[in-house]
Amino acid sequence: MKKRKPFFGPLVLPFIAALALALPGAVSAQSGVTLTHVHGLAYSADGTRLYIPSHHGLAIYNEGHWAKAPGPQHDYMGFSATRERFYSSGHPAPGTGFKNPFGLIRSDDDGKSWQRLGLEGESDFHVLATGYETNAVYVYNPHPNSRMPRRGLHYTLDDGFAWRPAEAKGLAGDVIGLAVHPSDPKTVAAATQSGIFLSKDAGATFEPVMTGVQGLAVFFDLDGKRLWAATFHGQPALTQVDLATRGKKPVTLPPLTRDAVAYIAQNPKRRDEYAIATFERSVYLTRDGGKTWTQIADRGRTL
């Protein structure tokens, strides 16, 4: 499985890696930080920092200031945060002693150091999600490995000691994005080429939530009451889905030209604050639940 590949109507965008290399963006004069690729989005537990995993380590945004995070400058691919730690997959920085790819890894200190959790040298999970308050980790496995005899959706509840396959009945299309409910490890959402899907039985079965659109990204509010769904159908869209009623509420997006939402994150301390990152490496913040947006990165160039 290659980098996340959205289908924008009749126009098929290149793989995100090729897109990032073709549009490198200028280095910010103030920060020296460029988002070469964007592979995820997460807030620190105290809500003061926004972390953006990229091709050369983690970038941090904090109240108008950009910096590179301390720690190895790995190529973090799949990336997700819980209340206490980060999980990731991808490719190691030179000289770090990690095998390529490094399977599943975990950091308990905001990315300063990483612990190997298995499948080192075997697997690179570009699609990875975690439960914010649980130890559930879901991945889409692109090919068989020593612990997963087949490709497809798998999950672990014990940091990769045991992996369980999910039958994913009813799930249509290639998985582009995953999200795990913050407190219920059995509730997982998937974005695919065929729409947005929801499972309440650890991925055994899925039901459609939105169809007739290209699903791009999913995210559960940290209170577990709403699902945010990024889609494309002629134009990019972001929708809040009430999990109790299945009512849908559109969210006004900033102007996006030949672009769409790839990742969504919520500030755990200021719950009206959200961040979105796009496929072309632009990043926006809202502090009023999506009514207005402020741009903090433009096609990889930090602002």
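## The sheet S11 to S14

Antiparallel pairing holds together an open sheet of 4 strands, ordered S11-S12-S13-S14. Strand S11 and strand S14 (164-165) stand at the edges with a single partner strand each, so one side of each is left without a neighbour in the sheet. Strands here, like helices, are DSSP runs numbered from the N terminus, a strand (E) having at least two residues and a helix (H or I) at least four. Two strands are said to pair if DSSP finds at least two bridges between them. S11 and strand S12 (residues 137-141) run antiparallel and are joined by 3 bridges; Thr130 has Val137 in S12 as its bridge partner.

The model is predicted, so local features need pLDDT of at least 70 and side-chain atom pairs count only at pLDDT 80 or more, whereas totals for chains, interfaces and linings use all residues. Residues are numbered from 1 along each chain as its sequence is written, and side-chain values use heavy atoms, with hydrogens and water left out.

Asn141 belongs to strand S12 and is buried, with a relative accessible area of 0%. Buried denotes under 20% relative accessible area, exposed over 50%, and partly exposed the range in between, with a 1.4 Å probe and protein chains only. A polar atom of the Asn141 side chain lies 2.7 Å from the backbone oxygen of His143. Asn141 and Arg151 are 10 residues apart in sequence, with a C-alpha to C-alpha distance of 5.0 Å. Beyond its neighbours within four places in sequence, Asn141 is in contact (heavy atoms within 4.5 Å) with Ser123, Phe125, Met148, Arg150, Arg151, Gly152 and His154.

Thr156 is part of strand S13 (residues 152-156) and counts as buried because its relative accessibility is 0%. A polar atom of its side chain lies 2.9 Å from the backbone oxygen of Ala162. Not counting residues up to four places away in sequence, Thr156 touches Asn135, Ala136, Val137, Phe161, Ala162 and Trp163.

Strand S8 (residues 86-91) pairs with strand S9 (residues 105-107) in the antiparallel sense over 3 bridges, and Phe86 has Ser107 as its bridge partner in S9.

The loop between S10 and S11 contains His126, which counts as buried at 13% relative accessibility. The side chains of His126 and Asp124 are joined by a polar contact of 2.7 Å. Such a contact is a pair of N or O atoms within 3.5 Å; within protein, one must be able to donate a hydrogen and the other to accept it, and residues adjacent in sequence count only if both atoms are side-chain atoms.

## Two hairpins

S19 and strand S20 (residues 226-232) pair in the antiparallel sense over 6 bridges, with Phe219 opposite Trp228 in S20. The hairpin of S19 and S20 has 5 residues between the strands, and Gly224 in the turn has a positive phi of about 75°. 7 of the 7 residues of S19 are buried, so this strand is largely enclosed by the rest of the structure.

Strand S21 (residues 236-242) and strand S22 (residues 248-251) pair in the antiparallel sense over 4 bridges. Leu238 stands opposite Val251 in S22. This hairpin has 5 residues between the strands, and Arg246 takes a positive phi near 65°.

A cavity is a set of points on a 1 Å grid over the protein atoms alone where a 1.4 Å probe fits but cannot get out; lining residues have an atom within 4 Å of a point. Grid points are joined across faces, edges and corners, and a volume is the space filled by probe spheres set on the points.

The largest cavity holds about 510 Å³ of space. Its lining has 36 residues, of which Leu41, Phe79, Ser80, Phe219 and Ile264 lie nearest the centre. Among the elements that give two or more residues to this lining are strand S7 (75-81), strand S11 (128-130) and strand S19 (214-220). By class, the lining has 25 nonpolar, 9 polar and 2 charged residues; Ala, Val, Leu, Ile, Met, Phe, Trp, Tyr, Cys and Pro count as nonpolar, Asp, Glu, Lys and Arg as charged, and the others, Gly among them, as polar.

## The chain as a whole

The chain has 1 helix and 27 strands. Of its 303 residues, 57% are buried.

Definitions and conventions:
On a 1 Å grid over the protein atoms alone, a cavity is a set of points where a 1.4 Å probe fits but cannot get out, and a pocket is an open set with protein on both sides within 12 Å along at least five of seven lines; lining residues have an atom within 4 Å of a point.
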